[in-house]
Structure formats: C-alpha cells, structure tokens
Amino acid sequence: MGDLKQIGLITAQERLRDQVAHALRAALVAGELRPGHVYSAPGLAADFGISATPVREAMLDLAREGLVEPVRNKGFRVTEVSERDLDQYTELRALIEVPTIGRVTQIATEAQLEALRPVAEEIVEHAGNHNLIGYLDADRRFHLGLLSLAGNERLVETVGDLRKRSRLYGLTRLDELGLLVASAEEHHELLDLMLAGDELAAEECMARHLGHVRSLWARAGEKPVEQPRTKRTLGAH
C-alpha cells in the first residue's frame with residue numbers, strides 16, 4: 001500500500017505542475033508575464049499560494065517549449081519573440097501546413113472533417129466572448145486535428161511546437177482592436193473548401209489564413225498594452 005500512496009502523491013504533484021504550467025501559459029498570452037522580465041519560482045508560487053517546487057517544474061516545462069529561459073540564481077526570463085522570429089515561424093508553418101491541408105483535402109472523409117466543425121464554432125464563440133485562453137485551446141485543437149488526418153504524428157508535434165513558440169503573439173491586442181472574430185471565421189471557410197474537395201482553394205485559404213495571422217500580429221504590436229499584475233489562480237483558465 002505504501003507504494004500505491006507514493007504513486008498517488010506523484011500523480012497529484014504532476015497534475016499540480018500541469019495546472020501551474022497551463023496558468024503560466026495563460027498569463028503569457030494575457031501579457032501578465034512580460035517578455036524580457038525575470039520571474040522567480042518562489043515569487044510566482046506566492047502568487048499561486050503553493051510551494052515553489054511545482055512552479056519550478058512547470059517553468060522547466062515552459063523552458064523546454066522555448067517560452068522562458070533559466071537565469072542562474074534568479075529564476076526564469078520570458079523569451080522575447082522578435083519580428084524575425086515570427087516571420088520564420090510563419091514561414092515554417094506555411095511550408096508544412098499548406099501542402100498538408102491539400103493532401104488532407106484529398107484523403108479525409110466528410111465525417112472526419114465535419115467532426116471539426118464544432119471546434120471551428122468554438123473558435124468563433126471564444127473570439128466573440130473575448131475568451132483568449134479558450135480561443136487558443138480551440139484553435140490549437142482545430143489546426144492540429146486537421147493535420148493529424150494526414151497520419152504523420154511528428155508533423156503534428158512540429159507544428160504544435162512552432163505554435164507554442166510564437167504564442168500567437170499580440171492576441172490580447174487583436175481582441176481589443178476587434179480583429180479576432182474575422183480571423184476566427186476563416187476556420188469555417190477552410191472546412192467548407194475542404195469538404196467541397198477543392199484542394200487548391202483549401203491550400204490558398206490556409207496560406208491566406210497564416211498570412212492574415214502574421215499581419216495581425218504586426219498590427220497588434222504597434223501599440224503594446226501594459227497589463228496590471230494580478231493574483232494568479234489555478235483552474236480558472
């Protein structure tokens with residue numbers, strides 16, 4: 001029984017680490033954790049009201065994703081995403097996703113594509129409700145779900161990593177400018193073209209969508225908004 005108790009304790013610790021990592025990603029998107037700033041695990045732990053260990057483990061997970069970098073004896077610095085970085089991430093995504101969407105259009109069944117329709121609707125709803133964390137989650141599930149229909153798990157992992165590193169930069173500003181809903185509605189257009197079997201039009205739509213997202217990032221970065229420091233909570237996102 002002692003071994004089972006230990007396993008239960010480890011599982012609980014892992015769940016807490018995952019919750020903290022999710023909350024920190026949400027704080028990054030919302031702009032509460034700012035690029036270039038260094039945050040200590042004890043300081044963040046005090047905000048969460050928990051011990052520093054799961055926070056430190058969660059920050060290490062984010063470091064492996066390229067979202068933060070360790071700073072010796074100080075904590076973790078939020079990585080800055082430059083315009084050059086965003087251009088390169090977008091180029092890589094286009095090289096992978098555009099032709100893959102064309103291939104999926106050829107091989108996916110109507111049922112497989114329609115299964116993603118509710119997710120596309122979630123994206124639009126979250127954009128309309130200004131729920132950025134919900135938007136990001138649904139957008140990730142939609143795009144990675146489509147790519148998974150090509151049957152290449154490594155491809156899906158690679159695009160997932162690129163998405164994390166770009167963090168859909170400027171999402172908060174896009175929402176404030178009222179530009180997020182239009183971008184969200186492009187997911188329905190993409191599905192419609194794929195269901196119609198129009199491979200070339202689907203590829204063009206995907207390329208245009210990525211281009212729109214990149215141009216929206218640029219517009220969002222024109223007037224950055226300083227976010228106030230708030231008490232962090234777990235399970236609220």
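Leaving aside neighbours within four places in sequence, which residues is F142 in contact with? In this predicted model, the list runs L116, V119, A120, I123, H187, L190 and L191. F142 also turns up in the largest nonpolar core, where F142, L146, L171, L190 and M194 touch the most other members.

**The nonpolar cores**

- The largest nonpolar core has 33 residues. The elements that give two or more residues to this core are α1 (2-30), α4 (83-107), α6 (117-128), α7 (132-148), α9 (171-177), α10 (180-195) and α11 (199-220).
- Helix α7 is the top contributor, giving seven residues to this core.
- A separate core of 21 residues lies apart from that one, and its members include A27, A41, V68 and V78.
- As general background, nonpolar side chains in soluble globular proteins tend to be buried together.

**α6 against α7**

- The axes of α6 and α7 are 8 Å apart, and the two helices pack at an angle of about 160°. That angle is over 145 degrees, so α6 counts as roughly antiparallel to α7.
- The α6 and α7 crossing is left-handed.
- On the α6 side you'll find V119, A120, E122, I123, H126 and A127, and these meet G134, Y135, A138, D139, R141 and F142 of α7.
- Sorted by class, the α6 contact with α7 comes out as seven nonpolar, two polar and three charged residues.

**α6 against α10**

- Helices α6 and α10 cross at roughly 165°, with axes that come within 7 Å. This pair is therefore roughly antiparallel too.
- The crossing of α6 and α10 is left-handed.
- From α6, the residues R117, A120, E121, I123, V124, A127 and G128 take part. They meet L180, V181, A184, E185, H187, H188, L191, D192 and L195 in α10.

**L191 up close**

- L191 sits in helix α10. Its relative accessibility is 0%, which means that L191 counts as buried.
- Not counting residues up to four places away in sequence, L191 touches L113, L116, R117, A120, F142 and L146.

**Two positive phi values**

- Some background first: most residues other than glycine have a negative phi.
- N73 isn't a glycine, yet it has a positive phi of about 65°. You'll find N73 in the loop between β2 (68-71) and β3 (75-78).
- Is N73 buried or exposed? N73 is exposed, because its relative accessible area is 76% and the cut-off for exposed is over 50%.
- H130 is also not a glycine, and its phi is positive at about 60°. H130 belongs to the loop between α6 and α7, and with 53% relative accessibility H130 counts as exposed.

Key. Residues are numbered from 1 along each chain as its sequence is written. This is a predicted model: local features need pLDDT of at least 70, side-chain atom pairs count only at pLDDT 80 or more; totals for chains, interfaces and linings use all residues. Side-chain values use heavy atoms; hydrogens and water are left out. A nonpolar core is a set of buried Ala, Val, Leu, Ile, Met, Phe, Trp, Tyr and Cys residues joined through side-chain atoms within 4.5 Å. Buried means under 20% relative accessible area, exposed over 50%, partly exposed in between (1.4 Å probe, protein chains only). Helices (H or I, at least four residues) and strands (E, at least two) are DSSP runs, numbered from the N terminus. Contact means heavy atoms within 4.5 Å. Axes are lines fitted to C-alpha atoms, for helices over the stretch in contact, and angles run from 0 to 180 degrees between N-to-C directions. Angles under 35 degrees count as roughly parallel, over 145 as roughly antiparallel, 65 to 115 as roughly perpendicular and the rest as oblique. A crossing is left-handed if the near helix is turned anticlockwise from the far one by less than a right angle, and right-handed if clockwise. Ala, Val, Leu, Ile, Met, Phe, Trp, Tyr, Cys and Pro count as nonpolar, Asp, Glu, Lys and Arg as charged, and the others, Gly among them, as polar.
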